[in-house]
Amino acid sequence: MNWFYGLLYKLYLNIIGAVYVVKEQIIDRHRKPNIAGDHSEVNIVITGGSRGIGLEAVKKLLNLKCRIIVGCRSVDQAAEALNAKDHSDKLTILPLDLMKLDSVRSFAQQVKSTGIPIHCLINNAGIMFGPRKETEEGFECQLATNHIGHFLLSHLLFSNLESAGTAEKPARIVNVSSIAHFVGSWMDFEDLHLKKFYAPEKSYGNSKAAQVMFSQYLDSMQASKVPRVRVIALHPGVVKTDLYTHVWWVKIFDFVARALMKTAEQGGDTVVHAALAPDLASADLTGKYLENSRLTNISDFTSSLENQKKLWEASCAMLNIQEFGIVQG
């Protein structure tokens, strides 16, 4: 029966994708964020800024004069793509492999050693589909890259974000999720690493749902005090990037995909909006995430406080985190 369930996940994700392609190309056309001016006082850390949506977001943020620290697996590729020599005073590129917890810890330590305040952390890097693989720690790779590595990084940098944020202008954590979080509505908290049953679409949906729930729960935790850090997830659009390496029809009908999907440059717009839009500093984010630079509803499953808490506790247990934001040793 596993093949049948795998087919259902594939079918469901493709239906959602098709619906959103129509929505984004006809009903709710792309909206550019209304952000201008000099943001030279803003320091941003972003994962996966060497290609795709992350690369385009970094370009836009550099044009807005932000100082950027990029964490990615291919430092040389990022340096070439971003013309790093032309931004030597505003751009730092450091090695980061989210599948390796030691790499995440090393990256966080290097960020801290710069001594600069961190106003925004953009958890952008991600992988999609492919056969089931595990990390050195035994984590399923899509969940490890898209959620667990970012959860750890957010924990390690949280005190820096709190120090940089104020009541009037809180720092931000931005999690780049997806409409695929709807596919995560059948997440099994007893089998987060999908050892019993694996389907690429199920794994991807789970990881994107995890990003939404992480955002919702951590942001709600700040509500009991004057928040110095806001946390928001977003859907960047159905974007044509190399994440679709394992999607056969995109490879065969590339010209069709390019015509129907958003470009990576367009996908970067909602990321920039999430990082810098002033209205989000005080917005009610309960049950909401960003889509086309506007707040919209998330799935019922990810809206559930009970589900958010289960995932939060499981994530902390996997990473041996006693208290989020408090780094032991």
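Analyst: Ile-16 touches Ile-179, Phe-182 and Val-183, leaving out residues up to four places away in sequence; contact means heavy atoms within 4.5 Å. This is a predicted model, in which local features need pLDDT of at least 70 and side-chain atom pairs count only at pLDDT 80 or more, while totals for chains, interfaces and linings use all residues. Residues are numbered from 1 along each chain as its sequence is written, and side-chain values use heavy atoms, without hydrogens and water.

User: Is Ile-16 buried or exposed?

Analyst: Buried means under 20% relative accessible area, exposed over 50%, and partly exposed in between (1.4 Å probe, protein chains only). Ile-16 has a relative accessible area of 9% and is therefore buried.

User: Which residues of the largest nonpolar core touch the most other members?

Analyst: A nonpolar core is a set of buried Ala, Val, Leu, Ile, Met, Phe, Trp, Tyr and Cys residues joined through side-chain atoms within 4.5 Å. Here the largest has 46 residues, and those touching the most other members are Phe-107, Val-111, Phe-151, Ile-173, Met-187, Leu-218 and Trp-312. Beyond its neighbours within four places in sequence, Phe-107 is in contact with residues including Val-45, Ile-69 and Leu-153. A second, separate core of 37 residues includes Leu-61, Ile-122, Ala-275 and Ala-283.
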